[in-house]
Structure formats: C-alpha cells, structure tokens
Amino acid sequence: MKVIGFVLNVLWLVFCGFWMAIGYVVAGIICCVLIITIPFGIASFRLAGFVIWPFGRTAVERPDAGAPSCVGNVIWLVFAGWWLALMHLITSIPLFLSIIGIPFGWANLKLIPVSLMPLGREIVSTDEPWGGR
C-alpha cells in the first residue's frame, strides 16, 4: 500500500499539490507578517505540508481543542478559509474531467473542510491504528 500511496502523492504533487501548497504558504506568510495572526500562519504552513503530500495522512480533531480554536476558526474562515476552499473547489473541476483525475478531484473536495477550519486539528498518518492516537 505504501507504493500506491507514494505514486498517488507524486501524481498529486504534479497535477495540483504544488500549486495548492503555494496558496497555503502565501496565506501563511500574510498571517505571519501581521504578527497577531501568527498562529494562523503556523496552521497554514502545517496545512501546506498536508496539501502537498496528502495520501497516507488525514486530519483529525484534537480532543483538547476548545473555545479559542473555535473562535480562531471563525476568524480564519472569514479571512483565508473561504478562498482556500474555493481554490480546492476550482481545482477539483478540471480533475473530474479525466478518468485519472477523479481520485484527485475527490481528494480536493475532502480537503475543503480542513481548509475552512484548520485550528483544533492535527495531521496524522493513516497507517497508525486509531488515526495516530
């Protein structure tokens, strides 16, 4: 299974992962420049790593995430989340037009919830039992 995941990740990187990660890095840089939004920048950089190599990993909710991450997610949604989610949606459309692109289109759609509300989540390997817990 690791070979298949590697092949899928390389194809993902070529077709859309690199460009999607650039979007997350740009959002992270903007957030870090604004000083007060550095936690959002760190979350954006973490998501850029996930978006560039998504197969074999998943995002799970952290049990210790509380009200601050909920408030932060609302702020993130207003300022960065909606356009990152729109980027995933727009990228998925041409991928669905080819047979080989259909799994990548679904992967893009699965990344939309994470792009909308990234705080209070962690990226874990799907190879580990219980999602890395």
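A residue counts as buried when its relative accessible area is under 20%, as exposed when that area is over 50%, and as partly exposed in between, with a 1.4 Å probe and protein chains only. By this rule, 37% of the 133 residues of the protein are buried.

The model is predicted: local features need pLDDT of at least 70, side-chain atom pairs count only at pLDDT 80 or more, and totals for chains, interfaces and linings use all residues. Residues are numbered from 1 along each chain as its sequence is written, and side-chain values use heavy atoms, with hydrogens and water left out.

Start with the overall layout. The protein has four helices and two strands. Helices (H or I, at least four residues) and strands (E, at least two) are DSSP runs, numbered from the N terminus. From that end, the order is α-α-β-α-α-β.

Next comes overall size. The C-alpha trace spans about 45 × 35 × 20 Å along its principal axes. The radius of gyration is taken over C-alpha atoms, and the globule rule is 2.2 Å times the number of residues to the power 0.38. For 133 residues, a compact globule would come near 14 Å; the protein has 15 Å, which agrees. Contact means heavy atoms within 4.5 Å. Of the contacts between residues at least 6 apart in sequence, 72% join residues at least 24 apart. The accessible surface comes to about 7800 Å², and 79% of this belongs to carbon and sulfur atoms. These areas come from the Shrake-Rupley method with a 1.4 Å probe; for residues, only the protein chains shown count as cover.

Now compare two helices. The expected span of a helix is 1.5 Å times one less than its number of residues. H2 has 15 residues and reaches 21 Å from first C-alpha to last, close to the expected 21 Å. Where does H3 bend? The bend lies at Leu77 and is about 65°. That angle is taken between axes fitted to the seven residues ending there and the seven starting there.

Look inside. A nonpolar core is a set of buried Ala, Val, Leu, Ile, Met, Phe, Trp, Tyr and Cys residues joined through side-chain atoms within 4.5 Å. The largest one holds 23 residues, and Trp12, Tyr24, Trp76 and Leu84 touch the most other members. Helices H1 (2–33), H2 (38–52), H3 and H4 (102–116) each give two or more residues to this core.

Asn9 sits in H1. Asn9 counts as buried because its relative accessibility is 2%. Beyond four places in sequence, Asn9 touches Trp53, Pro54 and Phe55. Asn73 lies in H3. Asn73 is buried as well, with a relative accessible area of 7%. Its contacts beyond four places in sequence are Leu116, Met117, Pro118 and Leu119.

Finish at Ile35, in the loop between H1 and H2. Ile35 is not a glycine, yet has a positive phi of about 50°. Is Ile35 buried or exposed? At 60% relative accessibility, Ile35 counts as exposed.
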